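The following note is meant for a colleague who meets this structure for the first time. Please read it with the sequence and the model at hand.

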Amino acid sequence: MKQQEENEIWKYYGHIVVRRGGQSLGVGVKYWRQQALEILLQELRRYPLEGQDFVETALQSAPIRTRHFGIGVLESWVSTKQIPLSELLPEMQELLCQLREIEPDEKVKENMTRLIDGNITFEVLS
């Protein structure tokens, strides 16, 4: 992704409300920013370590679905690089530890714990 495109997209995400826990699924017009972020996150899975600010925003977003997308990106990066999150992105690991403490959704919390503990299956390179 070109830096200019990423900067233009970021202007829109500057208005996403960061949460302290939430159970919303993020469906409807009210969540258009999070839905746009989710589209971007799908693409970031293919570009390890690119767009970390977007992933941080997703992990702190109110909709559960958006948080799942952020975790999915991190899982993909860890799997692709074959390096635990604690080594790949220690600051992201620290953020996940903090967010796990306030996470209301058990499934999101389980996925965060799996990443933090390094229980990710690495891709097999051929």
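**Notes on the model**

1. The accessible surface of the chain comes to about 7,200 Å², and 51% of that surface belongs to carbon and sulfur atoms. Accessible areas come from the Shrake-Rupley method with a 1.4 Å probe, and for residues only the protein chains shown count as cover. The model is predicted: local features need pLDDT of at least 70, side-chain atom pairs count only at pLDDT 80 or more, and totals for chains, interfaces and linings use all residues. Residues are numbered from 1 along each chain as its sequence is written, and side-chain values use heavy atoms, with hydrogens and water left out.

2. The chain holds 7 helices and 0 strands, in the order α-α-α-α-α-α-α along the sequence. Helices (H or I, at least four residues) and strands (E, at least two) are DSSP runs, numbered from the N terminus. Of the 126 residues, 41% count as buried. Here buried means under 20% relative accessible area, exposed over 50%, and partly exposed in between (1.4 Å probe, protein chains only).

3. A contact means heavy atoms within 4.5 Å.

4. The largest nonpolar core has 27 residues, of which L41, L59 and L74 touch the most other members. Helix 2 (32–44), helix 3 (52–59), helix 4, helix 5, helix 6 and helix 7 each supply at least two residues of this core. Helix 4 gives the most, with 7 residues. A nonpolar core is a set of buried Ala, Val, Leu, Ile, Met, Phe, Trp, Tyr and Cys residues joined through side-chain atoms within 4.5 Å. In soluble globular proteins, nonpolar side chains tend to be buried together.

5. L74 touches V55, L59, L85, L89, M92, L96 and L115, when residues up to four places away in sequence are not counted.

6. Helix 2 has 13 residues, which at 1.5 Å a residue should span 18 Å; its end C-alpha atoms are 19 Å apart, in agreement. The expected span is 1.5 Å times one less than the number of residues. Buried in helix 2 are Q34, L37, E38, L40, L41 and L44. These residues line one face of the helix, because they fall within an arc of 170 degrees when seen down its axis. The arc is that of the directions from the helix axis to the C-beta atoms.

7. Helix 7 (residues 106–117) passes the same kind of check: its 12 residues should span 16 Å, and its end C-alpha atoms are 16 Å apart. Its buried residues are V108, N111, M112, L115 and I116. They cover an arc of only 140 degrees around the axis, so they lie on the same side of helix 7. What covers them includes helix 4 (64–81), helix 5 (85–88) and helix 6 (90–102).

8. What is found at the two ends of helix 7? At its start, a side-chain oxygen of D105 reaches to within 3.2 Å of the backbone nitrogen of K107. A polar contact is a pair of N or O atoms within 3.5 Å; within protein, one must be able to donate a hydrogen and the other to accept it, and residues adjacent in sequence count only if both atoms are side-chain atoms. D105 itself is found in the loop between helix 6 and helix 7 and is buried, at a relative accessible area of 16%. D105 and I64 are 41 residues apart in sequence, and their C-alpha atoms are 7.5 Å apart in space. After helix 7 comes G118, whose phi is positive, near 80 degrees.

9. Most residues other than glycine have a negative phi, and most peptide bonds are trans. L49, in the loop between helix 2 and helix 3, has a positive phi near 75 degrees and is partly exposed at 30% relative accessibility. Q82, in the loop between helix 4 and helix 5, has a positive phi near 55 degrees and is partly exposed at 31%.

10. Two further residues deserve a look. S79 is in helix 4 and is buried, with a relative accessible area of 8%; its C-alpha atom is separated by 9.7 Å from that of P48, 31 residues away along the chain. T121 lies in the segment after helix 7 and counts as exposed at 69% relative accessibility. The C-alpha atoms of T121 and V78, 43 residues apart along the chain, are separated by 8.7 Å.
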